[in-house]
Amino acid sequence: MSKQTDFGYETVAEEDKAKRVAGVFSSVASKYDIMNDLMSAGLHRLWKRFTIEVAALRHGDRVLDVAGGTADLSSAFARRVGVGLPGGGQVWLTDINNAMLSVGRDRLLDEGVVAPTAQCDAEKLPFPDNHFDCVSVAFGLRNMTHKDQALAEMRRVLKPGGRLLVLEFSKVWKPLETAYDFYSFKVLPWLGQKVAGDADSYRYLAESIRMHPDQETLKGMMERAGLSRVEYFNLTAGVVALHRGYKL
């Protein structure tokens, strides 16, 4: 029998999850950025800005943006490391989904940023060991079938002293749970239908958040993947958390 895993609240065969997730993001790719603004009231920009500051990148650094989607982080990282400047660094934009990757690549080109892109699976990264100063994954880890394997791969490609940043939805502060559940399961699908013509994908989003490991559990997973000095920062009362760990 095939191994089973979660797809939101559904239980599906492991080999089917990637296809189902691909369908979700292919459906919403063209409206992804506007939906992010609407459903977070613009807060996703602040969460990503905080991530960029915590990354503490320097001119000349190499960065890998895993599940980078529409390239919000890659664009900012490129400016920080000096892509295209003398002695500048490099930013790789990657995503498993071609529709999302195409949107991100086009955005970078429109901004005058020439950065390499690769369609690849985070669980099997096509990069050498000890290559990047920083690896980031923003709102992508919860969609991966084998999160432990993906974390191990991200650690593998980090240089000694490099850091992994995981920005992801997490466990909200308990007094806000009821209101957050109403917003997630009633408002988000309605918004998805009105703006992107797709309520089901945003219902999956709400469900996938509930199935994702909470702050302490994810911290433990990163430590078991071999990362050190793992810490996390709760943002917006735990709606989102940024985890940081180092390869020592």
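This is a predicted model: local features need pLDDT of at least 70, side-chain atom pairs count only at pLDDT 80 or more; totals for chains, interfaces and linings use all residues.

Visitor: Why does cysteine 120 count as buried?

Guide: The relative accessibility of cysteine 120 is 11%. The cut-off for buried is under 20%, so cysteine 120 counts as buried.

Visitor: How do you know that the count of disulfides comes to zero?

Guide: A disulfide requires two cysteine sulfur atoms within 2.5 Å. For cysteine 120, the nearest cysteine sulfur belongs to cysteine 134 and is 16 Å away. For cysteine 134, in turn, the nearest cysteine sulfur is that of cysteine 120, 16 Å away. Neither cysteine 120 nor cysteine 134 is in a disulfide, and the count is zero.

Visitor: What makes α6 oblique to α9?

Guide: Helix α6, residues 147-157, packs against helix α9, residues 215-224, at an angle of about 55 degrees, and their axes are 9 Å apart. Roughly parallel needs an angle under 35 degrees, and roughly perpendicular begins at 65; the angle therefore makes α6 oblique to α9. The crossing of the two helices, α6 and α9, is right-handed.

Visitor: Which residues of α6 and α9 meet?

Guide: From α6 come Lys147, Asp148 and Leu151, which meet Leu218, Met221 and Met222 of α9. By class, this contact of α6 with α9 has four nonpolar residues, two charged and no polar ones.

Visitor: Why is valine 195 called partly exposed?

Guide: Valine 195 has a relative accessibility of 25%. Buried would need a value under 20%, and exposed one over 50%; valine 195 therefore counts as partly exposed. Valine 195 belongs to helix α7, residues 177-196. Leaving aside residues up to four places away in sequence, valine 195 touches Lys31, Ile34, Met35 and Leu38. Between valine 195 and glutamine 90, 105 residues apart in sequence, the C-alpha to C-alpha distance is 35 Å.

Visitor: What makes phenylalanine 77 count as buried?

Guide: Its relative accessibility is 0%. As the cut-off is under 20%, phenylalanine 77 counts as buried. Phenylalanine 77 is part of helix α4, residues 72-81. Apart from residues up to four places away in sequence, phenylalanine 77 touches Ile52, Ala55, Leu57, Val63, Val91 and Ser136. The C-alpha atoms of phenylalanine 77 and glycine 23 are 28 Å apart, with the two residues 54 apart along the chain.

Technical notes: Residues are numbered from 1 along each chain as its sequence is written. Side-chain values use heavy atoms; hydrogens and water are left out. Buried means under 20% relative accessible area, exposed over 50%, partly exposed in between (1.4 Å probe, protein chains only). Axes are lines fitted to C-alpha atoms, for helices over the stretch in contact, and angles run from 0 to 180 degrees between N-to-C directions. Helices (H or I, at least four residues) and strands (E, at least two) are DSSP runs, numbered from the N terminus. Angles under 35 degrees count as roughly parallel, over 145 as roughly antiparallel, 65 to 115 as roughly perpendicular and the rest as oblique. A crossing is left-handed if the near helix is turned anticlockwise from the far one by less than a right angle, and right-handed if clockwise. Contact means heavy atoms within 4.5 Å. Ala, Val, Leu, Ile, Met, Phe, Trp, Tyr, Cys and Pro count as nonpolar, Asp, Glu, Lys and Arg as charged, and the others, Gly among them, as polar.
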